[in-house]
There are 2 protein chains.
Amino acid sequence: MTHPNPAFSQAEFDRRLAKTRTAMDEAGLDVLFVEDPANMAWLTGYEGWSFYVHQGVLVFHDADPIWWGRRQDANGARWTVWMGHDRIHGYADNYVQSHERHAMQDLAAILMGAGFGEKRIGVEMENYYFSAKAYTTMVESLPDATLVDATGLVNWQRLVKSGEEIALMRKAARISEKVMDGVLDRVRPGVRKNELVAEIYRDLILGEGEVWGDYPSIVPLLPSGAEASAPHLTWDGSPFKTGEATFFELAGCYRRYHVPFCRTVYLGEPPEFFRRAEEALVEGLESGLDAARAGNPASDIANALTAPLLRAGIERGARCGYPIGLSYPPDWGERTVSLREEDETILEPGMTFHFMPGLWMENWGLEITESILIKENGPAECFCNRPRELHVKT
Amino acid sequence: MTHPNPAFSQAEFDRRLAKTRTAMDEAGLDVLFVEDPANMAWLTGYEGWSFYVHQGVLVFHDADPIWWGRRQDANGARWTVWMGHDRIHGYADNYVQSHERHAMQDLAAILMGAGFGEKRIGVEMENYYFSAKAYTTMVESLPDATLVDATGLVNWQRLVKSGEEIALMRKAARISEKVMDGVLDRVRPGVRKNELVAEIYRDLILGEGEVWGDYPSIVPLLPSGAEASAPHLTWDGSPFKTGEATFFELAGCYRRYHVPFCRTVYLGEPPEFFRRAEEALVEGLESGLDAARAGNPASDIANALTAPLLRAGIERGARCGYPIGLSYPPDWGERTVSLREEDETILEPGMTFHFMPGLWMENWGLEITESILIKENGPAECFCNRPRELHVKT
């Protein structure tokens with residue numbers, strides 16, 4: 001029982017593990033526990049919607065990783081991970097959402113048994129799936145160990161994408177383009193939001209030929225008019241209206257690799273201030289793309305964007321992008337670099353970002369974005385190839 | 001800027017707040033911080049896919065709750081919560097995924113300023129969105145306060161549903177039925193998994209007339225054959241095959257209220273052992289439904305299920321259900337009661353569960369489930385009305 005069609009070569013997994021071990025060395029870690037599902041998948045190939053219970057991967061310096069999780073999910077691990085089945089540990093079901101036991105007691109026993117009871121153990125302190133209680137249970141159950149904050153240790157190794165990863169993202173981009181084409185074609189006054197989202201989801205999951213669509217880590221977002229000042233409202237059954245702008249924030253996804261893509265549609269004749277905002281935003285995007293070159297700091301992108309916006313009297317105040325690639329709900333960002341003034345990370349070829357300068361103003365919103373790849377030479381490459389403009393339907 | 005069509009009456013929100021304050025009293029809490037998005041929504045009406053950054057609701061004994069979150073999401077709060085806009089606090093964007101700052105420093109300053117620096121503050125220690133780092137940052141930033149584990153305090157108040165909530169769930173159930181009808185109609189050998197999921201999503205979001213479909217907190221799950229031994233594998237582009245069983249685990253959702261519903265399809269003639277498993281499972285379900293009466297302990301349902309399964313030689317080992325209603329990813333369960341032998345919670349009218357005795361065996365899987373409502377008298381009511389059987393397509 002092994003994966004009939006793994007997403008990556010064994011050489012790729014070996015390289016990832018070696019990079020992670022080097023980072024563990026630098027952090028002085030004897031062992032690392034990752035609970036982030038994207039980090040689990042990146043290291044082992046593990047797949048499945050099981051992250052709503054405690055699970056994780058233990059990374060050792062001198063032995064294959066251990067997949068650890070709920071017993072009923074161990075079958076899914078046998079199906080998807082590259083390690084031998086003796087490296088899969090399932091815990092009993094009465095640990096799940098129990099008010100008497102905590103799954104970390106089981107994990108602590110494994111660590112203790114493997115001789116790490118007095119060692120330095122890395123844990124992802126800032127992560128959706130490593131709860132406060134998981135941490136305090138480990139502290140209690142491993143009283144002589146030192147728990148070290150290893151937040152982002154694996155995420156930083158994921159920042160520069162391999163050729164195999166970029167190939168998956170190029171496929172996801174074909175889905176992103178197709179879905180956005182469908183949106184621009186179908187949106188019109190009177191169509192209900194949920195009717196359009198139904199078609200968006202259908203296109204997202206149908207994909208393109210052999211490129212079957214995976215679920216994106218965030219649902220499609222499409223607020224209109226004054227609601228578009230709130231970037232994260234989800235849809236309802238209300239109709240699109242003439243005289244309103246709607247931004248469409250979505251991502252094609254293939255084998256958990258995402259390419260987010262946003263465009264805005266105005267139904268009717270856009271007012272003059274909206275056109276001026278579009279012009280400044282597109283100029284800022286183009287300046288940012290030109291600044292997105294290997295060797296430049298990440299802040300260069302943010303600064304290049306800001307100048308034309310400020311000239312148009314628009315102050316954003318929010319970061320304008322984040323790394324993308326492999327992810328699971330609730331976010332499709334990688335949570336390492338942030339494209340903002342204070343981030344001095346040097347850009348390298350193979351890094352991938354969602355350059356996302358959304359404008360969420362007092363009573364309107366505008367999003368035109370690009371998912372980008374940092375190249376060896378020259379400006380960034382956009383994954384999607386569609387006009388960088390406000391779409392107007394009159 | 002207020003919600004044009006709130007899901008609940010103000011009387012409902014008042015009742016929820018009063019119940020929560022009583023529970024806070026019993027736990028000796030001076031103030032409560034909830035980060036669980038379902039608890040936030042239940043208490044305040046807040047809506048939006050913004051839970052991938054830190055946010056929450058502060059509940060006080062003698063003042064309206066405070067919505068606290070990222071500044072760009074404060075607009076969404078103004079749009080959706082019932083409190084006055086002076087009860088909405090947005091924090092600066094450079095707290096988001098920063099390696100220098102943590103949003104909990106901002107929250108701690110609010111608590112300190114409001115006079116809770118030396119008080120008992122409840123926090124949800126076991127929750128997807130209250131990270132280990134959020135906890136240690138609060139401990140550091142509020143050195144004289146006492147942080148008390150209030151995991152599930154609000155979730156337990158949600159266990160018995162109001163009439164307004166049950167009305168939403170009945171609407172969600174119409175979607176669940178419609179989606180399952182579509183599945184049974186469309187599944188056949190050669191259809192690719194993602195093609196069927198595309199139609200499932202379309203039906204889920206289209207909903208039924210005025211009942212627009214919201215996104216379910218878990219994606220549709222539909223593993224086939226030996227893969228069905230792994231309950232949480234997601235789809236790919238492979239085709240359905242003759243001679244394989246596939247279970248379909250999905251939920252209709254309306255205004256964040258879920259009604260999960262699972263059925264299994266066998267393509268071809270099912271083997272004898274599969275028929276025997278079906279027979280035992282249906283007998284177990286029917287016994288369980290009969291035991292699901294107000295006044296009985298939750299364990300009665302589990303025990304009633306187990307007897308016929310054991311007679312057929314099937315040992316499950318996992319819990320057989322959980323409470324359902326309002327939820328956000330990554331789970332549609334409420335994480336309070338578990339339908340299992342050791343749970344002695346007394347059933348009350350208005351409680352709602354997914355009675356979910358999935359069979360995940362060595363190389364096959366079978367799911368036939370019901371979402372149920374505990375009644376004043378008599379056995380549980382099933383939200384969906386569809387034959388409780390294995391569907392065979394030859």
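Begin by selecting Asp36(A) and Arg335(A), whose side chains meet in a salt bridge with 2.6 Å from N to O; a salt bridge here is a side-chain nitrogen of Lys or Arg within 4 Å of a carboxyl oxygen of Asp or Glu. This is a predicted model, in which local features need a pLDDT of at least 70 and side-chain atom pairs count only at pLDDT 80 or more, while totals for chains, interfaces and linings use all residues. Residues are numbered from 1 along each chain as its sequence is written, chains are lettered from A and ligands numbered from 1 in the order in which they are written, and side-chain values use heavy atoms, with hydrogens and water left out.

Keep Arg335(A) selected and look at its backbone, where phi is near 60 degrees, a positive value in a residue other than glycine. Arg335(A) is placed in the loop between strand 9 and strand 10 of chain A, strands being DSSP runs of E with at least two residues and helices runs of H or I with at least four, both numbered from the N terminus. The loop between strand 9 (321-323) and strand 10 (352-355) of chain A also holds Pro330(A), and the peptide bond leading from Pro329(A) to Pro330(A) is cis, with omega near 10 degrees.

Now move to chain B and select Pro329(B) and Pro330(B), which are joined by a cis peptide bond with omega about 10 degrees. Pro330(B) lies in the loop between strand 9 (321-323) and strand 10 (352-355) of chain B.

Next, colour chain A by domain, using 10-157 for domain 1 and 163-393 for domain 2; these bounds come from an automatic or database domain assignment. The centres of the two domains, taken over C-alpha atoms, are separated by 33 Å. Where they touch, 17 residues of domain 1 of chain A and 16 residues of domain 2 of chain A take part, contact meaning heavy atoms within 4.5 Å. Together the two domains of chain A bury about 1400 Å², 58% of it on carbon and sulfur atoms, where buried area is the accessible area (1.4 Å probe) that two parts lose on being put together, summed over both. Between these domains the count of salt bridges is 2.

To see which elements build the domain 1 side of this contact, select helix 1 (10-26), helix 2 (37-44) and helix 6 (153-157) of chain A, each of which supplies at least two residues. Helix 2 of chain A gives the most, with 4 residues.

Finally, show both chains and select the interface, where 81 residues of chain B are in contact with 81 residues of chain A. Chain B and chain A bury about 6800 Å² between them, with 55% of it on carbon and sulfur atoms. The count of salt bridges between the chains is 6, and a pair to display is Arg101(B) with Glu342(A), whose closest N and O atoms are 3.1 Å apart. On the side of chain B that touches chain A, helix 3 (71-80), helix 5 (132-141) and helix 8 (193-206) of chain B each supply at least two residues, and the largest share, 9 residues, comes from helix 8 of chain B.

For the complex, the predictor gives an ipTM of 0.96 and a pTM of 0.97.
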